[in-house]
Amino acid sequence: PPGMSKNGIKMALLHNRVSNEELKKRLMEESFPRTTVSFYGYFPVENPQAFRDFLYKDLNLLSVFGRIYVAKEGINAQISVPAENFESFRTFLYSIEHLDGLRLNIAVDDGKSFWVLKIKVRDKIVADGIRDAGFSMEKKGKYVNAARMNELLNDADTVVVDMRNHYEYEVGHFVNALEVPSDTFREQLPMAVDMMKGKEDKNIIMYCTGGIRCEKASAYMLHHGFKNVFHLEGGIINYAKQVKEAELETKFIGKNFVFDDRLGERITKDVIAHCHQCGQSCDDHTNCKNNGCHLLFIQCDACAVAYNGCCSADCMNTLQMPVERQKELRKGTENGQNIFNKSRVRLRPKPLPASQSGKRE
């Protein structure tokens, strides 16, 4: 455009400059199918910023949407690709050293999961809190596929550990899987070591959504002296795909939480969670409609109507205020990722009075 500097043109090519509202509108108007894909890889990246810019230019041309993190230790990505561009995307990805032949986790349910491409440089592709200079990802647990996972789960000497957050575990997990009750991966790693003390001779299987956390967790367990450590290759996403293709029995029950607008992929029909407001059987995550709260919690259809999509009577009242008043209330408030946690009273949704909820006293 006239008057734009070379640096301005470069920035425009390397970053999105369209509003979220317009991008969402364009996504909904798309008439072609998209494929949701996740992948990661641990490998040395000398210049993460240059690698980030290189990726953005080519992926943007292929109309790829999604969220990608780049760090000196590798890459972590959750994206959606127009189905007609998928082969071109894979060819581009495999042309990069260290990414050739990388496993791509294709989502069970395709859909409109992302509406913009965001690629960010981070210190690590998954925050782990590890400060031990002697820790290395070069020594990690053995991969297991779906068939081997099922075999080990039938073995009495196997302990399976869920390396996801509590809200992910709540809606779906492997049979007899141990939950490491924490909100963050950095807290879970030392907790998992403590939980496994006395089980050094057991087969220990770590698993997560797509493999990135459990792969690092397996290396951390080996670093702390455990011997028979495994991790599920490609995580739950790849397990579900292999089970379906090979017509295997599934040992995972419920829903697999995913970090995009879908907030979950159904693996089995089992609903093992409950609405956080009324206690009815439900495993549908949502975010509170009050933008000053935006709490992630489980809400059934009846409560969604009763609370107008909010987590509490307070938030519902706030939502009914004029927009300008809502903005005033949000000023100076840091609104990070608030997550419902039954162990934290401050995040517990507050119920409506019986007279407003429509439920019997």
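Asn256 sits in strand 12, residues 252-256. Strands here are DSSP runs of E with at least two residues, helices are runs of H or I with at least four, and both are numbered from the N terminus. This is a predicted model, in which local features need pLDDT of at least 70, side-chain atom pairs count only at pLDDT 80 or more, and totals for chains, interfaces and linings use all residues. Residues are numbered from 1 along each chain as its sequence is written, and side-chain values use heavy atoms, without hydrogens and water.

Asn256 has 0% relative accessibility, so Asn256 counts as buried (under 20% relative accessible area, 1.4 Å probe, protein chains only). Beyond its neighbours within four places in sequence, its contacts include Arg164, Thr209, Ile236 and Glu265. Contact means heavy atoms within 4.5 Å.

Now the whole protein. There are 13 helices and 15 strands. Of the 361 residues, 48% are buried. Take contacts between residues at least 6 apart in sequence: 67% join residues at least 24 apart.

Next, a helix pair. Helix 5 (residues 146-153) packs against helix 9 (residues 235-246) at about 95 degrees, with axes 9 Å apart. Axes are lines fitted to C-alpha atoms over the stretch in contact, and angles run from 0 to 180 degrees between N-to-C directions. Helix 5 and helix 9 are therefore roughly perpendicular (65 to 115 degrees). Helix 5 contributes Ala146, Met149 and Asn150 to the contact, and helix 9 contributes Tyr239, Gln242 and Val243.

Key. Buried < 20%, exposed > 50% of the residue type's maximum accessible area, 1.4 Å probe, protein only. Parallel < 35°, antiparallel > 145°, perpendicular 65-115°, else oblique.
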